[in-house]
2 protein chains.
Amino acid sequence: MEKTDVLVIGGSAAGIVAATSGKCHYADKDFLLIRKENKVLVPCGIPYIFGSLESSDKDVVSDNVLTDAGVRFIVDEVISVDLEKKLCKTKQGLEVSFDKLIFATGSRPVVPKWLNGAELDNVFTIPKDKEYLDSMLEKLVDVKKVVVIGGGFIGVELSDELNKRGKDVTIVEILPHILGRAFDEELAVEAEKVLGSRGVSIKTGKGVKELFGKSKVEAVILEDGERLEADAVVLSVGYAPNTAIASEAGLDLNTLGFIRVDEYMRTRNPDVFAVGDCAEKRDFITRRVSGAMLASIACTEAKIAGMNLYKLSTLKTFSGTIAIFSTIVGETGFGSAGLNEANARREGFDVLSGTFTGVDKHPGTLPGTHKQIVKLIAARESGVVLGGEVIAGPSAGELTNIIGLIIQNKMTINNILTSQIGTHPLLTGPPTAYSIIKAAEDVMRCKGDL
Amino acid sequence: MEKTDVLVIGGSAAGIVAATSGKCHYADKDFLLIRKENKVLVPCGIPYIFGSLESSDKDVVSDNVLTDAGVRFIVDEVISVDLEKKLCKTKQGLEVSFDKLIFATGSRPVVPKWLNGAELDNVFTIPKDKEYLDSMLEKLVDVKKVVVIGGGFIGVELSDELNKRGKDVTIVEILPHILGRAFDEELAVEAEKVLGSRGVSIKTGKGVKELFGKSKVEAVILEDGERLEADAVVLSVGYAPNTAIASEAGLDLNTLGFIRVDEYMRTRNPDVFAVGDCAEKRDFITRRVSGAMLASIACTEAKIAGMNLYKLSTLKTFSGTIAIFSTIVGETGFGSAGLNEANARREGFDVLSGTFTGVDKHPGTLPGTHKQIVKLIAARESGVVLGGEVIAGPSAGELTNIIGLIIQNKMTINNILTSQIGTHPLLTGPPTAYSIIKAAEDVMRCKGDL
């Protein structure tokens with residue numbers, strides 16, 4: 001029988017941050033983290049073990065992060081939790097009593113039940129599981145033709161990386177465009193151009209009917225009958241929250257299957273928290289329950305849980321989740337924060353949008369200058385920014401974070417117009433035409449104020 | 001006799017943006033810009049014409065920016081303004097009547113009056129003057145030893161660029177460290193390490209006594225008697241606002257010599273505006289008059305003037321200037337926004353600071369990963385962020401802009417702790433250790449809350 005004050009189930013980003021920031025705030029409490037994985041992968045780095053990183057060993061989170069912070073950990077699997085007795089049981093027969101419990105059980109790749117052939121050899125998913133991925137990497141060595149099903153961020157990153165390794169890659173997406181949930185059409189088309197120019201074949205607006213093969217997969221059959229030869233198939237069609245133990249313990253799940261939590265990441269039981277991919281999120285703007293799963297969101301939630309374990313010490317100054325994505329294909333970074341225009345309209349918002357195309361250095365004659373496109377979406381009456389999209393060079397990630405901060409601060413287009421920024425020839429666009437401010441001007445122009 | 005609705009004096013960043021954004025808002029008005037320069041240089045690009053750009057021709061602002069926006073321009077020099085008659089006279093004998101007037105007359109390099117030898121051949125300053133700089137570039141071709149006096153941003157950038165061209169460069173700074181106005185000591189030292197490792201000699205805490213030579217400069221004599229051999233000397237010790245015409249026209253100057261303006265960049269005369277380097281600024285935090293001169297500040301002011309020429313149409317949502325700087329030496333970017341810790345303490349603020357050293361990609365094993373240091377300075381009681389400093393890779397500029405936005409939104413350390421950011425392996429630091437949030441945690445630790 002093991003005893004702890006705070007038990008964290010799950011050892012990926014959410015679990016690590018919940019435990020370490022909790023320990024930091026409540027140093028006199030004992031923190032125990034139980035995780036299934038022998039070694040934990042940096043989650044967002046996973047697509048890069050297929051190309052840029054030479055091996056998954058370069059994508060491992062050091063256990064020192066936990067031990068240096070004074071958090072104990074056990075490699076084992078929690079199989080049940082008794083919330084009344086405050087006791088959990090593990091696969092290896094351990095019993096752990098706790099005072100506070102944090103679910104950070106993450107998510108797993110979805111395999112559509114209706115998909116025939118998903119059980120064939122060389123059909124893979126992308127779980128956060130080092131052993132699985134190492135074996136997959138090995139099997140991919142001699143493979144030539146790979147079909148990636150799903151053109152979201154992971155599918156796109158993986159396709160580009162496999163392409164770098166010399167594979168013949170085709171990406172199949174059922175929506176009209178890749179990255180179509182994050183980007184409006186005109187920006188998604190740019191992503192397709194970049195990915196296509198690097199040698200990845202892109203098939204959009206195409207559903208998959210089945211996977212074909214004897215023991216090993218041989219082809220992907222599309223709904224329109226087209227047959228794509230394949231030595232391997234990667235399914236990247238989404239992730240489902242791991243909530244079985246929480247649900248069996250009597251905690252509520254929401255309509256999307258996430259563990260219900262309040263603003264401080266507490267379940268109905270004030271001693272039990274949930275954070276990360278398994279925890280409920282509401283969209284910052286639409287207030288709808290959201291299925292967003294990002295390590296950055298997980299870490300923010302984990303920090304909030306960690307700080308508020310024993311008392312609500314930290315007033316959470318935002319309410320709701322903003323999906324802030326970024327990625328890079330070749331030299332071109334893509335980012336998105338909040339609602340895109342199509343989604344905003346679908347939600348019923350009366351919106352204005354504005355776009356500016358500039359450069360990321362100035363003068364644009366400087367070597368290494370990259371095109372920079374910023375689109376902003378704002379509510380027509382209030383002018384409050386609802387979302388933004390970015391195409392840029394290496395600063396695309398932080399530029400997207402600026403838009404994320406604009407949304408969180410409920411800044412209006414007018415606020416942006418009169419905002420102060422810093423510029424430098426080699427680091428940013430020009431002071432006369434800083435993309436975010438110029439995009440705001442373009443929004444005003446739509447409104448007729450310019 | 002020429003007639004216009006809005007006359008803009010000065011054709012650099014401030015003048016261009018005031019005229020074009022004014023025209024954009026008041027399309028039925030005639031806008032005329034008068035400038036001295038035949039060709040206008042991108043101001044922040046000037047240090048780079050000495051290295052990265054092959055010629056000043058690559059650093060020219062196209063006149064299309066004006067003409068495409070419907071702004072007329074004349075190359076001439078305004079020599080006097082009669083505010084009562086609303087009339088100005090030029091060097092070439094032109095008379096121009098106007099309804100509204102915008103001073104965007106900029107600044108000029110300071111040459112200390114007490115400095116003997118400043119008149120010698122091969123002693124240069126860095127004015128925003130293409131002819132002067134082209135001739136200087138030519139004279140520098142055969143020069144070997146260059147001494148740059150002044151270790152601010154321009155001095156540092158220039159030294160690095162001249163060093164790239166194979167010059168033997170020494171930078172002399174009277175303060176204890178280069179970039180010492182923007183950065184606290186521990187970060188300034190990093191800048192010195194980077195610049196030094198690239199081959200620039202750095203002499204700090206050294207005043208200059210005089211420049212020595214017959215007709216051409218031969219040496220710089222320091223106050224402590226040391227003699228630095230020099231084939232050329234560049235004085236980069238500051239800029240003074242060009243306000244003679246404004247002053248002669250009866251407008252008020254403040255104690256630092258800038259044209260007095262209100263929040264909407266209007267002088268005491270509601271038809272006369274001043275923007276950019278010649279216009280008064282107050283510090284966002286200290287409320288003191290500020291001598292900051294940055295193209296980015298100039299453009300914000302110019303936009304505000306342009307929008308509010310005929311009516312106060314745009315509520316300015318901030319009050320006061322935040323100096324937001326960034327630069328890059330080799331592969332290392334440096335940025336600073338608001339007050340640094342030393343300045344904040346000097347102003348009498350009771351401050352807390354926190355610093356985090358991380359990486360700009362994740363995992364840090366990814367090729368091209370750069371160290372990232374973020375320091376935040378906050379008021380102890382309120383937790384409001386007063387300033388921040390950044391050392392990073394190519395995202396240093398936008399990371400500094402994030403801090404600038406944090407200051408403008410009067411965000412507290414607690415706001416930052418619970419902020420949402422987006423991360424990507426190749427574009428940002430890790431979600432578990434995003435530098436700005438970790439620096440905020442370090443501030444909390446100082447406060448004893450962690």
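**Helices, loops and a chain contact**

Trainee: Where does A:Met265 sit?
Mentor: A:Met265 is in the loop between α6 (244-248) and β21 (272-274) of chain A. Helices (H or I, at least four residues) and strands (E, at least two) are DSSP runs, numbered from the N terminus.

Trainee: What kind of model is this?
Mentor: This is a predicted model, where local features need pLDDT of at least 70, side-chain atom pairs count only at pLDDT 80 or more, and totals for chains, interfaces and linings use all residues. Residues are numbered from 1 along each chain as its sequence is written, while chains are lettered from A and ligands numbered from 1 in the order in which they are written.

Trainee: Back to A:Met265: what is its phi?
Mentor: Phi is near 70° at A:Met265, a positive value in a residue other than glycine. Most residues other than glycine have a negative phi.

Trainee: Is A:Met265 buried or exposed?
Mentor: A:Met265 is buried, because 29 other C-beta atoms lie within 10 Å. The cut-offs are 20 or more for buried, 12 or fewer for exposed and partly exposed in between, with C-beta atoms placed from the backbone.

Trainee: And A:Lys410, which loop is that in?
Mentor: The loop between α9 and α10 (413-417) of chain A holds A:Lys410. Its phi is positive too, near 50°. With 14 other C-beta atoms within 10 Å, A:Lys410 counts as partly exposed.

Trainee: How many residues of α9(A) are buried?
Mentor: 13 of its 13 residues are buried, so α9(A) is mostly covered.

Trainee: How do α9(A) and α9(B) cross?
Mentor: Their axes come within 8 Å and cross at roughly 10°. That makes α9(A) roughly parallel to α9(B). Axes are lines fitted to C-alpha atoms, for helices over the stretch in contact, with angles from 0 to 180 degrees between N-to-C directions. Under 35 degrees is roughly parallel, over 145 roughly antiparallel, 65 to 115 roughly perpendicular, and the rest oblique.

Trainee: Which residues meet there?
Mentor: From α9(A), A:Glu398, A:Leu399, A:Asn401, A:Ile402 and A:Leu405 meet B:Glu398, B:Leu399, B:Asn401, B:Ile402 and B:Leu405 of α9(B). Contact means C-beta atoms, placed from the backbone, within 7 Å. The residues of this contact are six nonpolar, two polar and two charged. Ala, Val, Leu, Ile, Met, Phe, Trp, Tyr, Cys and Pro count as nonpolar, Asp, Glu, Lys and Arg as charged, and the others, Gly among them, as polar.

Trainee: How many residues of chain B touch chain A overall?
Mentor: 70 residues of chain B are in contact with 70 residues of chain A. On the chain B side, α1, α7, β24 (324-329), β25 (332-338), α9 (396-408) and α10 (413-417) each give two or more residues. α9(B) gives the most, ten residues. That side of chain B has 35 nonpolar, 30 polar and five charged residues.

Trainee: What about α1(B) and α7(B), at what angle do they pack?
Mentor: Helix α1 (residues 13-25) and helix α7 (residues 295-307) of chain B pack at about 30°, with axes 7 Å apart. They are therefore roughly parallel to each other. Residues in the contact include B:Val17 and B:Ser21 of α1(B), and B:Ala298 and B:Ala302 of α7(B). By class, the contact has ten nonpolar, four polar and two charged residues.

Trainee: New topic: is the A:His362 to A:Pro363 peptide bond cis or trans?
Mentor: The bond is cis, with omega near -5°. A:Pro363 is in the loop between β26 (351-359) and β27 (371-379) of chain A. In chain B, a cis peptide bond joins B:His362 and B:Pro363, with omega about -5°. B:Pro363 is in the loop between β26 (351-359) and β27 (371-379) of chain B.

Methods
Two residues are in contact if their C-beta atoms, placed from the backbone, lie within 7 Å.
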